[in-house]
Amino acid sequence: MTDAPQITRKPKRIPRIRKRSILVLLAVTLVASGVLRLGPVTAAFAEDLSELLSGTSADTSSTTSQPAQPDVAVVLAALQEREALLEEREQKLSQRLTALSIAEVRVTEKLQELTKAEEVLASTMAMAKTAAADDLDRLTTLYENMKPKQAIPLFAAMEPDFAAGFIAKMKPAAAAQIMAGLDPQSSYAISVVLAGRNASAPTK
């Protein structure tokens with residue numbers, strides 16, 4: 001009796017597709033757990049990544065479609081407008097300076113005219129004072145040379161202030177004769193005027 005041949009069973013092989021499915025499932029499970037743990041971080045990262053990608057895409061689209069260049073026409077228009085304003089201000093300032101210079105010339109001319117008029121007036125007043133002084137000196141000399149009987153009526157008709165002016169200039173002898181010939185009221189009035197003038201005169 002011969003031994004029956006033993007049949008060895010080979011282990012069943014798992015198909016490769018099934019192995020891959022299991023590995024994919026394990027990987028998905030690990031990724032899911034990681035996502036649950038790092039959910040906020042990944043969300044923020046995903047958001048930043050999406051913004052970055054959108055920005056770069058927009059930049060690339062804009063650069064590819066139309067290059068970003070400043071509007072030269074707008075800049076030139078603004079510069080021209082500013083230049084026009086500056087020129088207008090400069091013209092107004094120049095006009096004001098011209099008006100001021102003209103006014104200054106006119107004021108200078110008026111001051112020169114006033115100075116000349118003042119000089120002429122001062123000269124005229126000096127001449128008038130000199131003439132008046134000369135006239136008073138002549139009258140004083142005339143009254144001194146008159147006889148007392150002729151001079152006394154003239155001094156009696158004068159105002160005390162006017163008569164005192166001549167009496168003060170006359171020689172003492174002639175003045176005394178006239179004062180003695182006047183009535184007491186006129187002599188007193190002239191004496192008061194003379195005393196007041198002497199009182200206001202500076203003393204040494």
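This is a predicted model: local features need pLDDT of at least 70, side-chain atom pairs count only at pLDDT 80 or more; totals for chains, interfaces and linings use all residues.

Q: In what order do the elements of the protein chain run from the N terminus on?
A: They run α-α-α-α-α-α-α, with seven helices and zero strands in the chain. Helices here are DSSP runs of H or I with at least four residues, strands are runs of E with at least two, and both are numbered from the N terminus. Residues are numbered from 1 along each chain as its sequence is written, and side-chain values use heavy atoms, with hydrogens and water left out.

Q: Why is the pair of Tyr143 and Phe166 called edge-to-face?
A: Rings of Phe, Tyr and Trp (its six-membered ring) pair if their centres lie within 6.5 Å, and planes under 30 degrees apart count as stacked, over 60 as edge-to-face and the rest as tilted. The centres of Tyr143 and Phe166 are 5.1 Å apart and the planes sit at 85°, so edge-to-face it is. The structure holds four aromatic pairs.

Q: What makes this pair a tie between parts of the chain?
A: Tyr143 lies in helix 3 (residues 72-145) and Phe166 in helix 5 (residues 160-169), so the pair ties together parts 23 residues apart in sequence.

Q: How do you know whether Tyr143 is buried or exposed?
A: Buried means under 20% relative accessible area, exposed over 50%, and partly exposed in between (1.4 Å probe, protein chains only). Tyr143 comes in at 11%, so buried. Phe166, at 1%, is buried too.

Q: What makes Phe155 and Phe166 an aromatic pair?
A: Their centres are 6.4 Å apart, with 85° between the planes, which gives another edge-to-face pair. Phe155 lies in helix 4 (residues 148-157) and Phe166 in helix 5, so this pair ties together parts eleven residues apart in sequence. Ring pairs link Tyr143, Phe155, Phe162 and Phe166 into a cluster.

Q: Which residues touch the most other members of the largest nonpolar core?
A: Of its 18 residues, those are Phe155, Ile167, Met170, Ile178, Leu182 and Ile190. Helix 4, helix 5, helix 6 (172-181) and helix 7 (184-200) each supply at least two residues of this core. To qualify as a nonpolar core, buried Ala, Val, Leu, Ile, Met, Phe, Trp, Tyr and Cys residues must be joined through side-chain atoms within 4.5 Å.

Q: What makes Glu88 and Lys92 a salt bridge?
A: The definition asks for a side-chain nitrogen of Lys or Arg within 4 Å of a carboxyl oxygen of Asp or Glu. For Glu88 and Lys92, N to O is 3.7 Å. The two are four residues apart in helix 3, so about one helical turn separates them. Glu88, at 39% relative accessibility, counts as partly exposed, and so does Lys92, at 46%.

Q: How do you know that Arg138 counts as exposed?
A: Arg138 has 55% relative accessibility, so it counts as exposed. Its salt-bridge partner is Asp135, at 3.1 Å, N to O. Asp135, at 41%, counts as partly exposed.
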